[in-house]
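Here is a short briefing on one protein chain. Look at the sequence and the structure first, then read the points below.

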Amino acid sequence: MAKILVAEDDRNVSDLVKVTLEHERYLVEVCKDGLSALTQLRIYPYDVVILDWVLPDMTGVEICREYRAHGGTAAVLMLTAKGSVDNKAEGLDAGCDDYLVKPVHPTELTARVRALLRRPKTMLAKVISVGPLELNVLTREVKMTGERIHLTPKEYAILELLMKHPNQSFTMEAILDRLWGADDSASIDAVRTHMKTLRKKLDDHSEGGAGKESVIKTKRGLGYSIMSDDA
């Protein structure tokens with residue numbers, strides 16, 4: 001039975017989350033502030049941590065950053081009304097694994113939790129490696145064959161999504177929904193543009209240069225993926 005910690009000060013939201021997850025037979029504990037959540041995280045092991053972005057004494061981002069800094073490896077899901085790309089990049093920098101924008105829908109909540117629980121523990125490591133490509137989820141540093149590559153926040157968000165799900169394909173629509181869902185200015189064209197620049201940067205630094213087969217694969221009708229023999 002998976003054990004889940006929920007840090008949420010809104011009673012209506014915390015009750016909804018608790019009842020929804022307990023219905024799925026998860027063991028759920030609730031904290032109303034950040035300090036209590038950190039205390040729980042230091043004492044007890046959890047499989048998933050669900051953090052409200054805004055808490056009375058500290059933010060979910062601060063909790064996640066401190067938790068990761070002390071070696072915490074549970075999957076972290078951020079509940080937030082903040083859905084912009086910059087907000088998501090800030091959360092990813094702190095070490096969170098996924099986002100759920102309020103208001104919370106029970107069906108999506110349980111689906112996100114199931115997906116997090118399916119992830120192998122290696123996905124929670126500070127450094128994710130796929131072949132010669134390395135991504136540090138804490139420092140947001142990306143290296144190809146040991147050479148650092150500068151990425152924009154949007155390019156980084158796309159790359160992290162693909163590297164955390166090796167061999168899994170994502171359509172442009174799926175990427176738009178996962179990374180830019182609450183950004184009214186986002187579009188398929190924006191995803192296409194960022195994907196193009198990301199692929200060029202990676203391919204220019206790969207062995208063999210730009211003439212080699214692209215690091216990010218494209219499957220007609222399925223989308224984009226990064227292939228790994230170890231996945």
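K200 is exposed, because its relative accessible area is 54%; buried means under 20% relative accessible area, exposed over 50%, and partly exposed in between (1.4 Å probe, protein chains only). This is a predicted model, in which local features need pLDDT of at least 70 and side-chain atom pairs count only at pLDDT 80 or more, while totals for chains, interfaces and linings use all residues. Residues are numbered from 1 along each chain as its sequence is written, and side-chain values use heavy atoms, with hydrogens and water left out.

**Salt bridges**

- K200 forms a salt bridge with D204, with 2.8 Å between the closest N and O atoms; a salt bridge is a side-chain nitrogen of Lys or Arg within 4 Å of a carboxyl oxygen of Asp or Glu.
- Both K200 and D204 belong to helix α8, where they are 4 residues apart, about one turn of the helix. Helices (H or I, at least four residues) and strands (E, at least two) are DSSP runs, numbered from the N terminus.
- D204 has a relative accessible area of 37%, so D204 is partly exposed.
- Salt bridges with shared partners join R68, D97, E160 and K164 into one network.
- The whole structure has 16 salt bridges.
- One of them pairs the side chains of K102 and E8, at 3.1 Å from N to O. This pair links distant parts of the chain, 94 residues apart: K102 is in the loop between β5 (98-101) and α5 (106-118), and E8 is in the loop between β1 (3-7) and α1 (11-23).
- K102 counts as partly exposed because its relative accessibility is 25%, whereas E8, with a relative accessible area of 1%, is buried.
- R148 and E141 also form a salt bridge, and their closest N and O atoms are 3.5 Å apart. R148 is exposed at 55% relative accessibility, and E141 is partly exposed at 25%.

**Nonpolar cores**

- In soluble globular proteins, nonpolar side chains tend to be buried together.
- A nonpolar core is a set of buried Ala, Val, Leu, Ile, Met, Phe, Trp, Tyr and Cys residues joined through side-chain atoms within 4.5 Å.
- The largest nonpolar core here has 30 residues, and L133, L159, I175 and L202 have the most contacts inside it.
- At least two residues of this core come from each of β6 (127-130), β7 (133-136), β8 (142-144), α6 (153-164), α7 (172-180), α8 (188-205) and β11 (223-226). Helix α6 gives the most to this core, with 7 residues.
- Apart from this core lies another, of 22 residues, including A7, Y46, L51 and C64.

**Contacts of two residues**

- Leaving aside neighbours within four places in sequence, L159 is in contact (heavy atoms within 4.5 Å) with L133, L135, V142, L151, L198, L202 and I226.
- S225 lies in strand β11 and counts as buried, because its relative accessibility is 0%.
- With neighbours within four places again left aside, S225 touches L162, Q168, S169, V215, I216, K217 and K219.

**Packing of α7 and α8**

- The axes of α7 and α8 come within 9 Å and cross at roughly 95°. Axes are lines fitted to C-alpha atoms, for helices over the stretch in contact, and angles run from 0 to 180 degrees between N-to-C directions.
- The two helices are therefore roughly perpendicular, a term for angles of 65 to 115 degrees.
- M172, E173, I175, L176 and W180 in α7 meet I188, V191, R192, H194 and M195 in α8.

Methods. Angles under 35 degrees count as roughly parallel, over 145 as roughly antiparallel, 65 to 115 as roughly perpendicular and the rest as oblique.
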